[in-house]
Structure formats: structure tokens, C-alpha cells
Amino acid sequence: MILTLLRRDLAQFFPFTGSGAALPTVFFIAVAMLFPFAVGPDANLMAKTGGGVVWIAALLAAILPLEKLVARDIDLGFFDQLKLRGMAEEAMMAVRLLAHWLSFGPPLLLATFPAAALLKIEGETLRLLLLGLAAGTPGLAAIGLMIAALTASLRAGAALSGLLLIPLALPILIFGAGALARADVASLGFVGAISLLLVAIAPFAAGAAIRAAREN
Amino acid sequence: MQAAKPSLTAENLACRRGERLLFRRLSFRLEAGAACHMTGANGAGKTTLIRAVAGLTTPYAGSVTRAGTLALLDERSGLDPDLPLGRALAFWAQIDGIGHLALENCCDRLGLGNLIDVPVRYLSTGQKKRAALARVLGQGASVWLLDEPLSGLDTASQGLVSDLVREHCQGGGIALIASHQPLDVPGMTSFAIEDFAPAEAEEEA
């Protein structure tokens, strides 16, 4: 049952199979592409600030899929049908979290290579950037899922979720981008720890949110 | 699949929507083979009752006891709009653990055979309803909760729903049906949800 659900969720969200699901990755590269145009082609400046830009691009890209993440399936009665078959909301949300991360984390990591080339990020910085994103994207996905579930029953939910994600993602951004400035792997440990905590909480928070959404 | 005998009991049930009390002191008991038809005006609380009985919402007061597996049909089909009908139904068939052949039989029974390759979002209201009925039929649950199963269906399909409910109940199943239209099911009990609406004085209290 869980595997069937995971396959379905992945088909919904994965780039090029789901509807418009490649958008976050394309958007991510587009932001990285814009930056040199905006600040000029100074290789030194770009190498210094580029890592932070990639982090901001990743954060913005994480906002894009939120609209469809939970609200659509609530409207479809999809979670209700699963509930009737005895599945807990927490399990549905855990599967959704995994599918969401798989459809957004790894593609983003791959897209970091062209983005890094555009921003002249190389060597050790690129390594730290990739490690940081690998540690941070599960956390971003977890925040996104919680917010999507909480705002699913609100009319202005989509716009609100973007606003909510930014402050909640700040710790990940600070430690993730901070690791680049100081070339310090220890803060990546913090990113990983924050991510783990968020991933552990998210299915419960999101599950409670979709249960509460039924009551109104 | 059905271990014990199915039964569905509501005791002293009360539900509200927002601040408004919709009904109270509603009790019923359905045993294996029973069909029950619930009538009521729009907004009287039929859907609210069905969802409370399904365990999706918590009733304001009272309790629901269920034995057996549940199937729910409401205005939301639960079928992915972007997928072809066959694949959308196949997902639920996989979840419910029924085979390809059984699913095909359900589709044929509901006249969906030639719609298998059509994306769900292109289906008409009636076709979607029949698709959702195929999902319910395929699920093989012992308790059917049908919210407006006849709305949007043509006369022939309406007769088919009555047939399906009759067969389900003859096979020892339970059906609770909320509908404005009559169903042709022998031995079906019925009640009007308005009979349980609170008196005005009571509502203000």
C-alpha cells in the first residue's frame, strides 16, 4: 500500500512525468543565470557571492511546488479515500515528504553543476555547496510540506505559503551559506541536524493539519 | 476479506457545521444486509452525517461504531484528473489489492469499457460518477456510504445503482445512501434527516 502510494506520488511530482514539475529546477537555473547579468561579470565577486545566490535560488525553487503539494489531493478526496482504507494521515504525509524531496532535491543537486559553472563556483566551494544542499533540501522539503498542509484549506494559501517558508528556512540558509564563507564543514552538520529534526516532525504536523482541514 | 459480520451503529449523534447545529439525537443500527435511505433538503446535513459515520470528522456528540470495511462515494471521485481513467482506477485497485480482471469487470458493469483511455478530467459528470462507483464496487468493502450516488446519472445508470445496492445487500453488505431521488431496493428503510433537526428554541439555548 505504501509502495503503491509512493509510486503514484512520484509520478505526480517528478520532473517531466508530473504536470509542470520540472519548473522548480528550471527556475533554479534561471535565477543563477540572472545574477551575473545583474552584478556584472566580475569573476572574483561572483566566486565570493555565488554560493549564497545558489542557496537563495534553492529556497525560492522550494516555494514553487507547494501549491500543488497537498491542496489538490484534499480537493480530490484522495486522502479521505486512503483514510477509509485504514491508512494514517501521518503515513500519507511521510510518503508525500519522500516523494516531494525526491522530485526536488536530487534534480536541484544536478542543476547545481550548471548553476555553479554560470557563477564561477569551483573546487572546495562547490563541494561545500553540494554537501550543504544535500543536507539542507530535506529540511526545505519538510518545511514546505508542513506549510502546504497547513495552508491547504485557505483561499490565499498559495501566496501565504511562500511568505511562511522564508522565515522558517532561515536557519538552514544561515548555516548552509555560512559554511561557504568560512569554508567550514561543521556548520553543515548543523544544517543536517536541522533537516533531520524537521523531517521527523513534518509528517506529524502535516498529518494533523489535513485532519483539521476536514473539520471545517 | 470480511472477517466479522458488518454492522454500522450511530448512537445519539449530533453534528454541527460552523456554529449551527444540524441534527441531534440521531441513532440507527444497520445489520448485515440492511440498506438505509436518508433524505433531506440541501444543507440539512446529509453529507455531514455521512462523513461523521465514515470517521472522517468527529461528531459534536454521540458515537459511531463500525464493523467491517468502509467504502465512500461522494462528490469527489478521488481519481487523478490527469491520468487516463484506466490508470486512475488501477491505482485504487492496487491499493485495494484487486486484480486486473476484477477491475475490468467493474468497469464493464458500469459501462466504462470504452472510456479507459480517456483522461479523467475529460469525463462528464455522469461518467465521473460511474467511475467512482466502479472504484467503490472494486473495493469490495462490506459497508457502503453513498452520498448522492444518483446525481448526474441518466435513467439507465440510476437503475444500475439500485441494482448494485440490491446485490451488495443481498450479499450481506450494508449501504447507507443519502439521496433526493428514490432507489428501487426492496426492504430498504428510510429516514428524513430533518426529523432530527433541533427545534428553534433549542438551537438558541
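Predicted model: local features only at pLDDT ≥ 70, side-chain atom pairs only at ≥ 80, totals over all residues.
Setting aside residues within four places in sequence, Met146(A) is in contact with Ala202(A), Ala205(A) and Ala206(A).

From the first C-alpha to the last, H8(A) reaches 41 Å, close to the 42 Å expected at 1.5 Å a residue. Along the way there is a bend of about 35° at Gly136(A). A proline, Pro138(A), follows that bend within four residues.

Now turn to where the two chains meet. Chain A brings 15 residues to the contact and chain B brings 14 residues. On the side of chain A that touches chain B, the elements giving two or more residues are helix H1 (2-13) and helix H6 (78-84) of chain A. Of these, H6(A) gives the most, with 5 residues. What is the make-up of this side of chain A by class? You will find 4 nonpolar, 4 polar and 7 charged residues there.

Let's finish in chain B, with His37(B), which sits in strand S3 (residues 35-39) of that chain. Is His37(B) buried or exposed? His37(B) is buried, because 20 other C-beta atoms lie within 10 Å of its own, and 20 or more is the cut-off for that label. Not counting residues up to four places away in sequence, His37(B) touches Ile177(B), Ser179(B), Leu183(B), Met188(B) and Ser190(B). Ser77(B), by contrast, is 40 residues from His37(B) in sequence and 21 Å from it in space, C-alpha to C-alpha.

S3(B) pairs in the parallel sense with strand S7 (residues 174-178) of chain B, over 4 bridges; here Cys36(B) stands opposite Leu176(B). S3(B) is also joined by 4 bridges to strand S8 (residues 189-192) of chain B, and these two strands run parallel. In S8(B), Ala192(B) is the bridge partner of Thr39(B).

Key. Residues numbered from 1 in each chain as written. Chains lettered and ligands numbered in written order. Contact = placed C-beta atoms within 7 Å. Nonpolar A, V, L, I, M, F, W, Y, C, P; charged D, E, K, R; others polar. Expected span 1.5 Å × (residues − 1). Bend = angle between axes of the 7 residues up to and from the residue. Buried ≥ 20, exposed ≤ 12 C-beta atoms within 10 Å, placed from the backbone. Pairing = 2+ DSSP bridges.
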